[in-house]
Amino acid sequence: GRPEDVVFKMDWKTAHSNIALISSRKARVKARSEDFDFYVFSMSYQPEFCYRHRSHNYEGCEHPRDAWRDSPTIHGLWPQYSNGTWPASCSDELFDETVLYGLGVERFEHLWPNVEKSWGEPGFENFWEHEWTKHGTCSGLEQEKYFKTALDHVPNPPTIVRENYGGHVPKSDLIAAYGGLHMAIIVCESKNFLSEIRICLSKNADASAGERIECPESLLVEENCGDEITIPKFYSDDSVWA
């Protein structure tokens, strides 16, 4: 078991909001679209998310895909300023869920899942709607290009997560596997359990995302893990975390 056995009851929007409150980042609301310096590409490790929300019995947590065990999945593509702040909710353009179907349901299920809802279930689009409304509207990109850009920039997953599923790894090894110092930010729950991995992407002239770059110091402060990191299992796999 874990030292803290508290079940946090929050949806994706609340969870993301709480992460922002805990970190040192300060949002700037209603900034001009495309007015940012680079992108943060954030990936969530679903077994940890599911553990924190295990009382909800989410469909994706009860019956997870193998790919979600092997590596983190997309949380979001976030325009970012170099000083540690970021623009948010830059326009009133409504989310168009047909974009999800146009880019392929399977791609989203595999790379950018909403584990809370089954596809087509009422409210299943809320996760992506939130990402578009808060972050995508500040990218200056059309919706289809914004979501396609995120899907196309998923890094080839290193084997370290899959090989240590349910085990422990040195933080230095995990950072090295994702590109090395300043190339990846590891975020943990309780300073121990892998929660998110964030990388930084350059901003092209047309505001699309470019190559991986070193993350600035203003973002590196979000790293909060100890020297040894636990790669949690889905609680539905066995009773390890019961």
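Hi everyone, and thanks for having me. Before anything else, please keep in mind that this is a predicted model. I'll begin with the salt bridges, move on to a charged patch, and finish with some contacts and backbone angles.

So, how many salt bridges does a search of the whole structure find? The count is 11.

Which side chains does Asp152 meet in a salt bridge? One of them is Lys148, with an N to O distance of 2.6 Å. Lys148 and Asp152 are about one helical turn from each other, because they sit four residues apart in helix α8. Arg107 is another partner of Asp152, and here the N to O distance is 3.1 Å.

Now please look at helix α4, residues 66–70, where we find both Asp66 and Arg69. They are three residues apart, about one turn of the helix. Asp66 and Arg69 form a salt bridge, and their closest N and O atoms are 2.8 Å apart. Which end of this pair is buried and which is exposed? Asp66 has a relative accessible area of 56% and is therefore exposed. Arg69 is at 16%, so that residue counts as buried. The cut-off behind that call is under 20% for buried and over 50% for exposed.

One more item under this heading is a network: salt bridges link Glu48, Arg52 and Glu189.

Next, the charged patch. Where on the surface does negative charge gather? Look for Glu93, Asp96, Glu97, Glu142 and Glu144, which together make up a patch of negative charge there. Let me pick out Glu93 from that group. Glu93 lies in the loop that runs between β4 (86–88) and α5 (98–103). With 41% relative accessible area, Glu93 is partly exposed.

On to contacts of another kind. Ser44 is part of strand β2, residues 38–44. Is Ser44 buried or exposed? Its relative accessibility is 4%, so Ser44 counts as buried. What does the side chain of Ser44 contact? The partner is the side chain of His75, in a polar contact of 3.4 Å.

Here are two pairs of residues for anyone who likes to compare sequence with space. You'll find Gly166 in the loop between α9 (160–163) and β5 (168–170). Gly166 is partly exposed, with a relative accessible area of 33%. The other pair is Asp173 and Asp227, which are 54 residues apart in sequence and 9.8 Å apart from C-alpha to C-alpha. Asp173 sits in helix α10, residues 171–177. Its relative accessibility of 39% is the reason Asp173 counts as partly exposed.

Which loop holds Ser190? Ser190 is in the loop between β6 (185–189) and β7 (193–203). Ser190 has a positive phi of about 55 degrees, although this residue is not a glycine. Lys191 has its place in the loop between β6 and β7 as well. The phi of Lys191 is near 60 degrees, again a positive value in a residue other than glycine. As for accessibility, Ser190 is partly exposed at 38%, whereas Lys191 counts as exposed at 62%.

Then have a look at Ser190 and Lys191 with their positive phi values.

How values were computed
Residues numbered from 1 in each chain as written. Predicted model: local features only at pLDDT ≥ 70, side-chain atom pairs only at ≥ 80, totals over all residues. Heavy atoms only, no water. Patch = residues over 30% accessible without salt bridge, like charges linked within 9 Å, V, L, I, M, F, W, Y side chains within 5 Å. Areas by Shrake-Rupley, 256 points an atom, 1.4 Å probe, with all protein chains shown as cover. Salt bridge = Lys/Arg side-chain N within 4 Å of Asp/Glu carboxyl O. Lys, Arg positive; Asp, Glu negative; His and termini not counted. Charge placed at Lys NZ, Arg CZ, Asp CG, Glu CD. Helix = DSSP H or I, 4+ residues; strand = E, 2+ residues; numbered from the N terminus. Buried < 20%, exposed > 50% of the residue type's maximum accessible area, 1.4 Å probe, protein only. Polar contact = N/O pair within 3.5 Å; in protein donor to acceptor, adjacent residues only side chain to side chain.
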